[in-house]
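Q: Please walk me through how to read the features of this structure, one at a time.

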Amino acid sequence: MTEGDRQADVLVVGAGPAGSSAAWHLARAGLDVVVLEKARFPRDKVCGDGLTPRGVKALADMGVDTVGWVRHRGLRVTGGGQVVEVDWPRLASWPSYSLVRNRRDLDAQLAAHAAAAGARVVEDVTVTEPLLDEAGRVAGVHAAAGPEREPVTWRARLVVSAEGLSGRLGKALGLVRREDRPLGVAVRRYVASPRADDDLLDISFDLSPAGPSEDSMPGYGWAFGMGNGTSNVGFGLLDTRRGTGAEPRAVLRDWLATLPPEWQLGEEHAVSPLRGAGLPMALHRQPAYTRGLLLAGDAAGTVNPFNGEGISYALETGAMAAEAATDALARPEGPSGEAALRRYPARLREAYGRHHRLGTAFLALLDRPDLVRFATAHGLKRPAMVAAALRLMGNLSDGRDGDRFDRAVAVLTRLVPAV
């Protein structure tokens, strides 16, 4: 590889959903974009593997082929001894179904989709630090490439960090995670289960046989049928600041003990080890643009505090970062281009900040076991209330053009300050 090969208009670090989305949009805009991925595909990623209607729309906007992917029509919600089934809402702005795709296949397909659009995807490259020019602006990255970890330098006019929670580039510029914002944890494994073809996603707020208590964790369990003879089974602790310190394997075991044994979701049916990962929420690393570096997806902390959903927002913010970069690079170097880039963080706050503020308040309520018991025991008896809560938590709305519920949510979010 020659020095000339290690240059691009834009470097994207990380080929997860955020990075591949950014790369696809940049390549479609005619820019020379290089994606640096530290692993080799296919590679695994800890995740619930579910794509809500938001994620389905983002994939459709990119023209991703989802033929043959497993569809789910809604959710089966358990809590307070109650069980209710509810379909995804039928709205003008969003599809009425969700998809499941394991990240091993999803991420590889998205990277290939970006490459087909013209992006150069380079695997087995670990970015170590930013390359700074004399003014302290990011002008590329230093990296270690290949099995021999050869030192290499990539230069670019702009860099997009889609590195995830522990990304090095943002930290190197002093963009550290805000401790006053929630950080969740997801733990999951795959099991061989007869429920692999269920057309509903199972969600449970009863993580112990006794239900929510002072000793229970504020979160929920899930079982998502993968359609291939297995189910993705796990739980999400949505705010580690309110955790009990309980061992994840014990939490999962106690929750699974509440489910019918014929579902076969226990450890004895496991086909993969138990693994965990962080869920960075509420735009916890700000600003999302500084000195030639844009943050997208988990690197910017865009996970939804209501439900731990991250893929949808990774795809969306990858597109937004690409639009900001494309706009900036089409302008003369100087204040005009910089102004276009500085609008990117404001766009994230406008798109998600108020919803994240509501979600952070919701997490505080989850820390009230008496309130959770009351809400689930009584609320789940009313499917219409569950459907409304699903729309709010999933950030699924037609806005002011929607029904009365959508208009009420639109008013509420306008009154709430952004995070």
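A: Start with strands and pairing. Two strands pair if DSSP finds at least two bridges between them. Helices (H or I, at least four residues) and strands (E, at least two) are DSSP runs, numbered from the N terminus. Now the case: six bridges join β5 (residues 74-79) to β6, and the two run antiparallel. Arg-76 stands opposite Glu-85 in β6.

Q: What should I know about the model before going on?
A: This is a predicted model, in which local features need pLDDT of at least 70, side-chain atom pairs count only at pLDDT 80 or more, and totals for chains, interfaces and linings use all residues. Residues are numbered from 1 along each chain as its sequence is written, and side-chain values use heavy atoms, with hydrogens and water left out.

Q: In what order do the seven strands of the open sheet stand?
A: The order is β6-β5-β13-β14-β15-β12-β16, and the pairing is mixed. β6 (82-87) and β16 are the edge strands, each with a single partner, so one side of each has no neighbour in the sheet. Neighbouring strands of this sheet are turned by 20° against each other on average, direction ignored. For such angles, axes are lines fitted to C-alpha atoms, for helices over the stretch in contact, and angles run from 0 to 180 degrees between N-to-C directions.

Q: Which strands stand at the edges of the open sheet of three strands?
A: First, the order: β3-β7-β4, with antiparallel pairing. The edges are β3 and β4 (70-72), each with a single partner strand, so one side of each is left without a neighbour in the sheet. Three bridges join β4 to β7 (residues 98-100). There, Arg-71 stands opposite Leu-99 in β7.

Q: Which way do β1 and β11 run, parallel or antiparallel?
A: Parallel: six bridges join β1 (residues 7-13) to β11 (residues 150-161). Leu-11 has Val-159 in β11 as its bridge partner. β11 also pairs with β18 (residues 293-295), in the parallel sense, over three bridges. Val-160 stands opposite Leu-294 in β18. With β10 (residues 138-145), β11 runs antiparallel, joined by six bridges. The hairpin of β10 and β11 has four residues between the strands. In that hairpin, Gly-146 takes a positive phi near 75°.

Q: Where are the cis peptide bonds?
A: Read omega. Pro-42 sits in the loop between β2 (33-36) and β3 (50-51). Another joins Gln-286 and Pro-287, with omega about -5°. Pro-287 lies in the loop between β16 (275-280) and β17 (289-290).

Q: Which residues other than glycine have a positive phi?
A: Asp-124 is one of them, with phi of about 60°. Asp-124 is in the loop between β8 (120-122) and β9 (125-132). At 15% relative accessibility, Asp-124 counts as buried. Asn-395 is another, with phi near 55°. Asn-395 lies in the loop between α9 and α10, and at 16% relative accessibility counts as buried.

Q: At what angle do the axes of α9 and α10 cross?
A: Angles under 35 degrees count as roughly parallel, over 145 as roughly antiparallel, 65 to 115 as roughly perpendicular and the rest as oblique. The axes of α9 (residues 383-393) and α10 (residues 404-415) cross at roughly 45° and come within 11 Å. α9 and α10 are therefore oblique to each other.

Q: Which residues of α9 and α10 meet?
A: Ala-388, Arg-391 and Leu-392 in α9 meet Phe-405, Asp-406 and Val-409 in α10.

Definitions and conventions: Contact means heavy atoms within 4.5 Å. Buried means under 20% relative accessible area, exposed over 50%, partly exposed in between (1.4 Å probe, protein chains only).
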